[in-house]
Amino acid sequence: MLVEYLEGVDPLEHAAREERLFRQRPFDRRPRLLFYTNGECVQCGRNQDPAWECDLEWCRQEGVPVLKRVSGGGTVWHDPGNQNYAFLLPRERYSPERVLSLVVEALRRIGVADARFCSRYSVWHGPWKISGSAFALSGPVALLHGCLPFTADLARLERALCPKAPSGEPAGGSRVASVRSPVANIASLCPVPSECRRQFCRHLAELAQEAFP
């Protein structure tokens, strides 16, 4: 398992890095784990219509980029309070349940004792969602990535993901709508809030290296 911490907070650069690794041929078959943080942006799944998922006018006025990912899943808010990760794996070793079990275990090790993932592959603490995930498959490669709000600006998250539904039909006549859920910041759930994000990354990297040597 190769573990890489990407520098900077440019969401376009990080999305491009993920997609290059995902699409490169021939795939070198070495499992990879990327960690990165993005500046403010909204990311929509590949099968979504942004006009139905977020307030595009508000995003434009606030200078918040709206991007489409290579993966599916729902629309998410990123800001510097989020920690993002991405697993790139040989397809035959890909299992979303296995990957998310590592994320849950890393959260438990930093004090989120009842962290669990559900059938939609999101991670929860009690009634609050504390991580979403999305995946893509192409030839020999599988990508699964997710974001965790440690100290995210939840007020701006709510504002950005408050779409003013346009008239008419979504682009292409169909769309996959996001499932709206209450969100909590992970730092507020941890015994040592100032250290939990760094510790989470360390634990997830160690667990991933054991699971995908």
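In what order do the seven strands of the open sheet stand? Colour the strands and read across: 1-2-6-10-9-8-7, with mixed pairing. Keep in mind that this is a predicted model.

**Stop 1: the sheet edges**

Select strand 1 (2-5) and strand 7 (116-117). These two stand at the edges of the sheet. Each has a single partner strand, so one side of each is left without a neighbour in the sheet.

**Stop 2: strands 9 and 10**

Move to residues 128-138, which make up strand 9, and residues 141-149, which make up strand 10. The two run antiparallel and are joined by seven bridges. Strands of a sheet pair through backbone hydrogen bonds.

**Stop 3: R91**

Now select R91, in the loop between strand 6 and helix 3 (96-109). Is R91 buried, partly exposed or exposed? R91 has a relative accessible area of 38%, so it is partly exposed. Show its contacts beyond four places in sequence: L137, S138, G139, P140, V141 and A142. Then draw a C-alpha to C-alpha distance from R91 to L143: it reads 8.7 Å, across 52 residues of sequence.

**Stop 4: Q83**

Go to strand 6 (residues 82-90) and select Q83. Why does Q83 count as buried? Its relative accessibility is 6%, and the cut-off for buried is under 20%. Which side chain does the Q83 side chain meet in a polar contact? R197 is the partner, at 3.0 Å.

**Stop 5: D79**

Step back to D79, in the loop between strand 5 (76-78) and strand 6. What is the nearest side chain of opposite charge to D79? It is R156, 6.6 Å away. D79 is buried yet has no salt bridge; the cut-off for one is 4 Å.

Look instead at the polar partners of the D79 side chain. One is the side chain of W77, at 2.9 Å. Another is the backbone nitrogen of G81, at 2.7 Å. Beyond four places in sequence, D79 touches T37, N38, G39, E40, A152 and D153.

Note on methods: Residues numbered from 1 in each chain as written. Predicted model: local features only at pLDDT ≥ 70, side-chain atom pairs only at ≥ 80, totals over all residues. Heavy atoms only, no water. Helix = DSSP H or I, 4+ residues; strand = E, 2+ residues; numbered from the N terminus. Buried < 20%, exposed > 50% of the residue type's maximum accessible area, 1.4 Å probe, protein only. Polar contact = N/O pair within 3.5 Å; in protein donor to acceptor, adjacent residues only side chain to side chain. Pairing = 2+ DSSP bridges. Lys, Arg positive; Asp, Glu negative; His and termini not counted. Contact = heavy atoms within 4.5 Å.
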